[in-house]
Amino acid sequence: MLDFFAIFSKGGIVLWCFQGAGVTESFTGPVNALIRSVILQERSGTNSFNHNALSLKYKLDNEFELVFVVGFQKILTLTYVDKFIDDVQLHFRDRYKNELEQRGALKLLNSSFEFGDEFHLLLREAEESSRGRVPGFMKPFQESRKSQKTVKSMIETKGGDKDKERSGKKNKNAKKEAAAAEAAAGDVAKADGPGVVPKAAENGNQGLTPEEIIQKKREEFFRKRMGGGAPEKSSKSPKPQKPREKKKQEWGNNWGNSKLDYSKINGNSTPDAVELGKDATAEMSVQLDSMKGDLPGVECESSGEEAEEEEEEEKEMVAVPSQSKESSKKGGLGGMFGMLKGLVGSKSLSKEDMVPVLEKMKDHLIAKNVAAEIASQLCESVAKKLEGRVMGTFTTVASTVKQALQDSLVQILQPKRRVDILRDVLEARSQRRPFVITFCGVNGVGKSTNLAKISYWLMENSFSVLIAACDTFRAGAVEQLRTHQRRLNSLHPPARHGDRPFVQLYEKGYGKDAAGIAMEAIAYARSQSFDVVLVDTAGRMQDNTPLMTALAKLIAINMPDLVLFVGEALVGNEAVDQLVKFNQALADHSMSDKPRLIDGIVLTKFDTIDDKVGAAISMTYITGQPIVFVGTGQTYNDLRSLNARAVVSALMKA
């Protein structure tokens with residue numbers, strides 16, 4: 001039933017392993033995939049992992065730094081695996097406790113772990129217990145409780161409904177009594193005499209005939225129309241104040257409106273316009289700094305030492321809740337010893353000790369814009385990472401959990417592979433082909449703007465750029481890219497590069513096939529020896545199936561070197577939905593066995609969120625891909641790389 005079972009240390013030393021009968025493939029491939037994708041990436045919120053046709057379940061022993069992994073076929077439903085892996089862990093710990101307490105790789109290698117007989121005994125007991133569970137049968141109707149109920153008991157309403165019925169009956173009786181009283185009053189009025197004229201008794205018009213009431217209402221109507229005062233009322237209410245009218249702005253004639261018209265500046269107009277264009281170019285070149293080499297890391301506001309100390313003091317209140325109850329029963333001396341016992345590292349952490357701290361951490365992450373699902377998984381992963389670990393001397397539960405969470409967040413933000421675009425472009429140039437980058441994302445996140453920033457960064461590093469205008473859907477998309485092209489060429493004039501524009505735009509207008517335009521642009525770049533091709537695509541929502549299919553087609557046909565997802569830092573839970581559905585669409589509509597998914601992330605509008613940087617955590621946790629660029633403003637040099645520790649310090653800031 002089981003394909004393999006392995007016990008190894010977190011240092012990579014296999015202490016004992018078992019391989020099922022008839023299994024020829026080694027377990028090293030699935031186990032290494034588990035280590036790379038789950039354990040090293042701090043994604044141990046769930047204890048299961050799928051690799052090809054195998055399903056792996058694992059358990060971490062943090063006290064002795066061990067990992068227990070069991071693998072079986074995915075199509076099998078083995079209900080006893082969770083309990084079985086717990087039993088194996090307990091028996092292995094108890095049997096080899098002395099050997100495991102001797103730290104060091106050489107001591108573990110010299111120790112012998114003969115665990116086969118006990119393992120087979122536990123496996124046989126687990127399989128027999130699963131077979132012994134007889135599925136329950138349905139009871140016949142005669143033995144059920146429903147058969148013992150009468151029809152009257154089933155029709156009878158609940159207590160709340162009875163009260164409503166009673167109150168309803170009371171209301172009906174009250175209405176009947178009121179109607180009877182009115183009828184009696186009418187009889188009394190008729191008994192007074194037939195010649196008496198009925199008087200109106202509404203709105204304070206007692207004692208007036210209908211003709212007098214009509215005359216009175218006419219007088220009030222004319223008084224209101226002629227601007228007269230309203231009749232005095234018994235209850236005086238304050239009159240609502242009229243809002244102040246906006247004063248009209250008076251504009252003078254000395255503004256010189258002709259000087260404000262710069263619409264004729266296009267680089268090919270009159271000499272005055274050319275001079276103005278040169279002045280604008282000179283002013284822009286003064287404002288923009290050089291961006292040669294690697295991008296600087298993004299800067300975040302980090303919390304001060306005083307704020308961290310205050311936060312630690314607040315969280316120390318929930319250090320060891322179980323011991324505070326015991327100390328409260330004793331005197332003041334017992335309370336002091338209980339506090340010292342909670343601080344000294346004499347006990348291993350349990351999940352109950354960490355629950356209050358993790359709940360606060362989870363709420364803090366959600367408040368910082370981390371998706372709720374991701375925050376729960378992170379806290380669960382930290383709990384599994386710390387459960388059973390012996391605390392250090394004079395350390396609290398809160399400080400231990402916080403440090404573990406910070407380490408996990410830094411590990412998540414640091415990429416599995418480093419995306420070095422400058423190196424990759426040089427390698428593509430040596431192969432005499434352009435390096436192709438495709439940008440995708442939802443509407444309004446800043447794809448075209450950040451494409452222009454990346455173009456400026458590449459031009460600063462002496463790479464020629466061809467922009468492919470594949471957004472043939474949005475009105476003004478091509479004109480926006482043409483404006484960026486003109487401004488970038490003014491910053492890097494063609495005269496410096498052999499009278500050749502350093503950045504060019506390849507466009508075919510609107511309504512065309514985006515995949516065909518991208519293919520033609522790549523072929524044109526190869527023939528004209530461009531270094532980089534930046535493909536701008538139309539913004540699309542993740543639920544728009546036709547547009548998602550078109551994007552998958554563009555990527556599958558042209559096979560770009562890098563697919564970048566452009567997302568804004570303002571999103572919270574929406575980031576999970578966007579990235580999952582973009583990746584799913586690219587996988588579903590791909591034409592190959594190994595589909596091209598998102599390779600990296602461009603995080604925009606980072607300057608608008610202060611310290612709510614949780615979107616960076618959500619995006620990297622979902623995709624497992626790095627954040628390549630961070631947009632921090634609206635000028636061409638407002639482009640940064642991600643500084644993981646700065647982002648984590650801002651995220652943990654109180």
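Which residues does Thr-620 touch, not counting residues up to four places away in sequence? I began my notebook with this question, and I keep in mind throughout that the model is a predicted one.

**Entry: Thr-620 and its helix**

I looked up the contacts and found that Thr-620 touches Arg-43, Ile-412, Leu-413, Ile-601, Gln-625 and Ile-627, once residues up to four places away in sequence are left out. Thr-620 itself lies in helix α22, and because its relative accessibility is 1%, where buried means under 20%, I noted Thr-620 as buried.

I then asked which backbone oxygens the side chain of Thr-620 reaches. A polar atom of that side chain lies 2.8 Å from the backbone oxygen of Ala-616, and the side chain also reaches the backbone oxygen of Ile-617, at 3.2 Å.

Turning to the helix as a whole, I saw that α22 covers residues 614–623 and that nine of its ten residues are buried, so I describe α22 as largely enclosed by the rest of the structure. The buried ones are Gly-614, Ala-615, Ala-616, Ile-617, Ser-618, Met-619, Thr-620, Tyr-621 and Thr-623. After α22 comes Gly-624, and I wrote down that its phi is positive, near 70°.

**Entry: an annotated span**

I checked the UniProt record, an unreviewed entry, and found the annotation "domain: SRP54-type proteins GTP-binding" over residues 626–639. In the model this span is 0% helix and 43% strand, and its end C-alpha atoms lie 16 Å apart.

**Entry: Gln-73**

Next I looked at Gln-73, which has its place in strand β5, residues 66–73. Is Gln-73 buried or partly exposed? Its relative accessibility is 30%, and because that value lies between the 20% and 50% limits, I put Gln-73 down as partly exposed.

Gln-73 touches Asp-3, Ala-53 and Leu-54, again without counting residues up to four places away in sequence, and its side chain joins that of Asp-3 in a polar contact of 2.8 Å. I also looked up Asn-50, which is 23 residues from Gln-73 along the chain, and found their C-alpha atoms separated by 9.7 Å.

**Entry: two positive phi values**

Most residues other than glycine have a negative phi. With that in mind I looked for exceptions, and one of them is Glu-65, whose phi is positive, near 60°, in a residue other than glycine. Glu-65 sits in the loop between β4 and β5, and its relative accessible area of 28% makes it partly exposed. Along the chain Glu-65 and Gly-388 are 323 residues apart, yet their C-alpha atoms are separated by 9.9 Å.

Ser-529 also has a positive phi, of about 60°, although it is not a glycine. It lies in the loop between α19 and β9, and with a relative accessible area of 53% I recorded Ser-529 as exposed.

**Entry: cysteines**

How many disulfides does the count give? A disulfide is a covalent bond between the sulfur atoms of two cysteines. The count here comes to zero.

**Entry: the whole chain**

Last, I noted the overall figures, starting with 23 helices and 13 strands in the protein chain. Of its 654 residues, 40% are buried. The chain exposes about 39300 Å², and carbon and sulfur atoms supply 52% of that area. Among contacts between residues at least 6 apart in sequence, 73% join residues at least 24 apart.

Key
Residues are numbered from 1 along each chain as its sequence is written. This is a predicted model: local features need pLDDT of at least 70, side-chain atom pairs count only at pLDDT 80 or more; totals for chains, interfaces and linings use all residues. Side-chain values use heavy atoms; hydrogens and water are left out. UniProt positions are given in the numbering used here, feature names are shortened, and annotations may be inferred rather than shown by experiment. Helices (H or I, at least four residues) and strands (E, at least two) are DSSP runs, numbered from the N terminus. Buried means under 20% relative accessible area, exposed over 50%, partly exposed in between (1.4 Å probe, protein chains only). A polar contact is a pair of N or O atoms within 3.5 Å; within protein, one must be able to donate a hydrogen and the other to accept it, and residues adjacent in sequence count only if both atoms are side-chain atoms. Contact means heavy atoms within 4.5 Å. A disulfide is a pair of cysteine sulfur atoms within 2.5 Å. Accessible areas come from the Shrake-Rupley method with a 1.4 Å probe; for residues, only the protein chains shown count as cover.
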